Amino acid sequence: MKTFNYHVPKAVKEASKLASTSSAFLAGGMTTIPSLKLGLATYKDIIDIKSIKKLSGIKVSGKSVTIGATTKHAEVAASKEVQKAIPALAKLAGNIGDAQVRNRGTIGGSISNNDPSACYPSACMALNATIHTNSRKISASKFFTGMFETALKKGELVEAVEFEVPEKADYQKHPNPASRYAIIGVFVAKNKKEVNVAVTGAKSSVYIDKDLSKKLTSSFSSSSIEGIKLDHSEMNSDMHASSEYRANLVSLYAKKAVEAC
Amino acid sequence: MASLVGSRVERKEDGRFLQGKGRYTADINIANQTYAIFVRSPHARAKIKGVDTSKALKSSGVVGVLTGKEIAEDKIGGLIAGWAIRSEDGSEMKVPANPPLAKDVANFVGEPIAVVFAETLDEAKEGAEKVKVDYKILKAVVDPSDAMKSEAIHDGVDKNLCYDWLLGDRKAVDEAFAKADKIIKVDLINNRLVPNAMEPRACVVDYNTASEEITLYTTSQNPHLSRLVMSAFGGVAPENKLRVVAPDVGGGFGSKINVYNEEIVCSWASKKIERPIKWVAERTESFLTDTHGRDHVTHAELAVSNDGKFLGFKNETIANLGAYARVFGTVTPTYLFGPCATGVYTIPAAYSNVKAVYTNTAPVDAYRGAGRPEATYTIERLVEKAAMELGIDKTEIRMKNFPSEFPFKQTLVHTVDSGDYVAGLEKAKQMADYSGFEARRKKSEASGKLRGIGVSSYFEACGIAPSAAVMSLGCGVGLWESAEVRFNPTGQISVFTGAHSHGQSHDTTFAQIAADELGVPMENIDVVHGDTDKGTFGMGTYGSRSLTVGGIAIVNACKKIVAKGKRVAAKMLEVNEDEIEFKDGEFVALKSNKKKTIGEIAFACYLPGQRDEMKSPIPEGDEPGLIESSFFDPANFSFPAGSHICEVEIDPDTGNVKVEKYTAVDDFGRIVNPMIVEGQVHGGIAQGIGQALHENTQYDETGQLMTASYMDYTMPRADNFPEFNLGFTCTHATSNPLGVKGCGEAGAIASPPTVMNAVIDALGGQEISMPATAEKVWKACKTLKKSNAKAA
């Protein structure tokens, strides 16, 4: 690991000021630390935001669930309020990685990294989440811009994620047998106005499957998407799963998610 | 006193391991040590045109940089193949030189080219980045099936062929096949595995400039053997100036048998730079450079009669050695594989032909089971397929071909001393509720799932001794084992063994047997291993040999202690030696009932005299002290055997395979500690299920390892397994006085075919290769659905 300056700001403003083109914000460090260790990434400054108190915590109102950026997966999974308001979200958090990862990894880190097979981005997309940063609010549909890419600008820091409370929702994933990341993950949310089927793992970045969402919006039952053949031409194909297999899994797990709603 | 052999004594090791008090090589630090980082080839095959170390030498904190040029100049020898195998035509095997640092050509990704020593680890890494190697990339040979048709990667090794070996009688096999009603054929790939010991390899070297002695702390399964190889072949130091210590070692599975490049280089270099050196592998280095396991491509045939008798067997295998032939690399696919490929059956005619090839991949060597899992997979797939094609129950066809008596003269090499294969399979059937399977299958079917059952009956030849036998087959050393039992004057006992525990619980098992022999509490016994300055000598631990060879050496040394104790007791109690009985730690004069405890005898042996009287307890012809040693060379290999039954349920929508039930019935002869043996079986089965369903080592066509981390290499985890249902039968081995048989590898030998037979049963007999991953199974389910639809 190359040497770097380690900063522990107490406030968001201070954190933002420290940021540069060769810096990284550090929360759980579940991606950043291994990248540093393997020499895949080098930074001049590491800005540890875990000491900024206001970035952590869960707030639930009737219409929304707001989770602070440095809130750990284990905290979301164990939150009685989240379990009550959006049980699918608590379930998703409780199945990320393993116990060690869940006790270090954070929601802000997960979405800022936008790993194509991370779980949280699908929840953001399906639940029409709003990403609160230190300078603006970004809707999830505009936040995830590509593989490991987001709309975040230099020095911009995710402060919280605000999810709409759906009528019903469920998340189903087919884990990669080696890493246990999602080979594919499907988040189905029946919101007031529409049904969103958000898919992670299948393509270069999370997306809403329009076909599945449309069919389920007109009739929210698994039979309405039974046997649907999805186009797999843009889907990932690697040693763990071919695009054809991924397409099969997406429609299958969408069905499972609807049935579990 | 109740016998400790046979009881579930808690492990003496657990206290330190569970509290994090283990002392592993990486835990050792020596004042003034430097840190080593190796510069490794990023290419699978490349000519090394030049190595420029000038920038690295100037890098901050760098103490030294050494390359293949310097090691060649110092005439340090390379890594060795421990077994010489002859081809069918009588020619000797072809083995290329394997220098510790590659000088002219690199032959696999990760092969060390140079080494940088620096004051800190980070400075060593920084320095290593500044070593510039000028490569000319050559086309890599990766696929073992193509190796013989590809350009030779080593000078003097035509067709990349190490040997073309035959065991058995082709003519007799041809005749048997001509008479057969049916020929059953399989084409199999035994997938390459990365051993993945929990503790990565490491070494710490301390050179004493005064005594000129090198102390090497290393992650080895066999420190004495490492010393021998480094001294005799490496020329690093004479044996008396080289101390090899393998402290706590966190798993080996065969991958820590070899003396590796890093140990040789660091030992040599420590003397050169006159500084201690520490090197600890990173996980990626483990993936790239630990010896891998398996990697066979096999075509095998079984000739059968319509009533299910086996008439003949043939096996044509290409074994991938990787880039170089290492210690057990050449014997694993020959004598550890070929003889066992006819399994537990009386087959009148058989042969195994193995072509071992070099490729630009990591060297392949022994991995838990070494050759015997590959053998069992071959025969047990054939047997299961024969049952299916002949319409005979899969257990019945096995029973039909089991030997009817013991000793069982197995077709190719071994004479199996004892066993009862029928009893094992009957017990497994009963424990697995074999007859209830159809009802469970129907239940699975009703919920849209496919359920299959698989059986495997195995035997294996382990212990890897007697020496005369293994040396006649080409082994470079005798594979006996030694022990020394030191009774201290105050009654505690140190048991020195040449075996090496890296997870096998020797501290406990060996203490149990010594305690029984000597009649003392096992708390008084310490088992000492892993240090060439302590034990006499030793061949180490692999091939399930610790108890059957090393344990017996301990028993024999204890018997010598008791024999001497009897003589001393007779003199002290003033009776004849034959009037003394030794029982429960006491020497009793039968007539007078006078007695001396073994502790009193030990005390007397060390203090042989008394005040005011010239009187010694030591009989004439004996010497003071109470230390005895033994070198044990058994009369035969050890032949554990058993039958395993597995049930899987497949979700045809996803292809996920769930192991629902796993029953193992094994015959390990007399069992010293059932708890430890069960642990060994659990681990072995877990590894076997890993091979069958999860693990796969994949190189791309350029020889880059695609599965070089846990992100891509699937290690099985606890939630992949059901609770294992274990049972035992017992026939005593006749080749050793305890009647024990090896148990360390059996689980990994029996389980891959058991699981695969179940998967293939669920898939209606469709062949599928290991690992049966979800996508492969999903595709097979689609084919099955189509063919079922057609049939309907």
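These legends go with several close-up views of a predicted model.

**View 1. Where chain A meets chain B.**
Start at the meeting place of the two chains: 10 residues of chain A are in contact with 12 residues of chain B. On the chain A side, helix 11 (residues 243-260) gives the most, with three residues. Sort that side of chain A by residue type and you get seven nonpolar, three polar and no charged.

**View 2. An open sheet in chain B.**
Here four strands of chain B form an open sheet, in the order 21-20-19-25, and the pairing is mixed. Which strands stand at the edges? They are strand 21 (525-528) and strand 25 (627-632) of chain B; each has a single partner strand, so one side of each is left without a neighbour in the sheet. From one strand to the next, the twist averages 15°. As a reminder, strands of a sheet pair through backbone hydrogen bonds, either parallel or antiparallel. Zoom in on strand 19 (residues 481-487) and strand 25 of chain B: they run antiparallel and are joined by six bridges. To follow one of these pairings, find B:S482, whose bridge partner in strand 25 of chain B is B:F631.

**View 3. Two helices crossing in chain B.**
Helix 16 (residues 546-573) and helix 17 (residues 598-606) of chain B pack at an angle of about 85°, and their axes are 10 Å apart. Angles of 65 to 115 degrees count as roughly perpendicular, so that is the word for helix 16 and helix 17 of chain B. Helix 16 of chain B brings B:G565, B:V568, B:A569 and B:M572 to the contact, while helix 17 of chain B brings B:I598, B:I601, B:A604 and B:C605. Those residues divide into seven nonpolar, one polar and no charged.

**View 4. Helix 10 of chain B, end to end.**
At 1.5 Å a residue, its 19 residues should span 27 Å, and the end C-alpha atoms are 26 Å apart, which agrees. Is helix 10 of chain B largely enclosed or left open? With 15 of its 19 residues buried, this helix is largely enclosed by the rest of the structure.

**View 5. The surroundings of B:W279.**
This tryptophan is found in strand 12 (residues 277-280) of chain B. Leaving out residues up to four places away in sequence, B:W279 touches B:A36, B:A202, B:C203, B:E262 and B:C266. Take B:A202: it sits 77 residues from B:W279 along the chain, yet their C-alpha atoms are separated by 5.5 Å.

**View 6. Two cis peptide bonds in chain B.**
One cis peptide bond joins B:F406 and B:P407, with omega about 0°. Look for B:P407 in the loop between helix 11 (394-401) and strand 16 (408-409) of chain B. Another cis bond joins B:M770 and B:P771, with omega about -10°. B:P771 lies in the loop between helix 19 (746-762) and helix 20 (774-791) of chain B.

**View 7. Positive phi without glycine.**
A:F148 has phi near 55°, a positive value in a residue other than glycine. Its place is the loop between strand 8 (144-146) and strand 9 (149-150) of chain A. With 14 C-beta neighbours inside 10 Å, A:F148 counts as partly exposed. B:N32 also has a positive phi, near 70°, and is found in the loop between helix 1 (14-18) and strand 1 (34-40) of chain B. B:N32 has 9 other C-beta atoms within 10 Å and is exposed.

Notes
Residues are numbered from 1 along each chain as its sequence is written. Chains are lettered from A and ligands numbered from 1 in the order in which they are written. This is a predicted model: local features need pLDDT of at least 70, side-chain atom pairs count only at pLDDT 80 or more; totals for chains, interfaces and linings use all residues. Two residues are in contact if their C-beta atoms, placed from the backbone, lie within 7 Å. Ala, Val, Leu, Ile, Met, Phe, Trp, Tyr, Cys and Pro count as nonpolar, Asp, Glu, Lys and Arg as charged, and the others, Gly among them, as polar. Two strands pair if DSSP finds at least two bridges between them. Axes are lines fitted to C-alpha atoms, for helices over the stretch in contact, and angles run from 0 to 180 degrees between N-to-C directions. Angles under 35 degrees count as roughly parallel, over 145 as roughly antiparallel, 65 to 115 as roughly perpendicular and the rest as oblique. The expected span of a helix is 1.5 Å times one less than its number of residues. A residue is buried if 20 or more other C-beta atoms lie within 10 Å of its own, exposed if 12 or fewer, and partly exposed in between; C-beta atoms are placed from the backbone.
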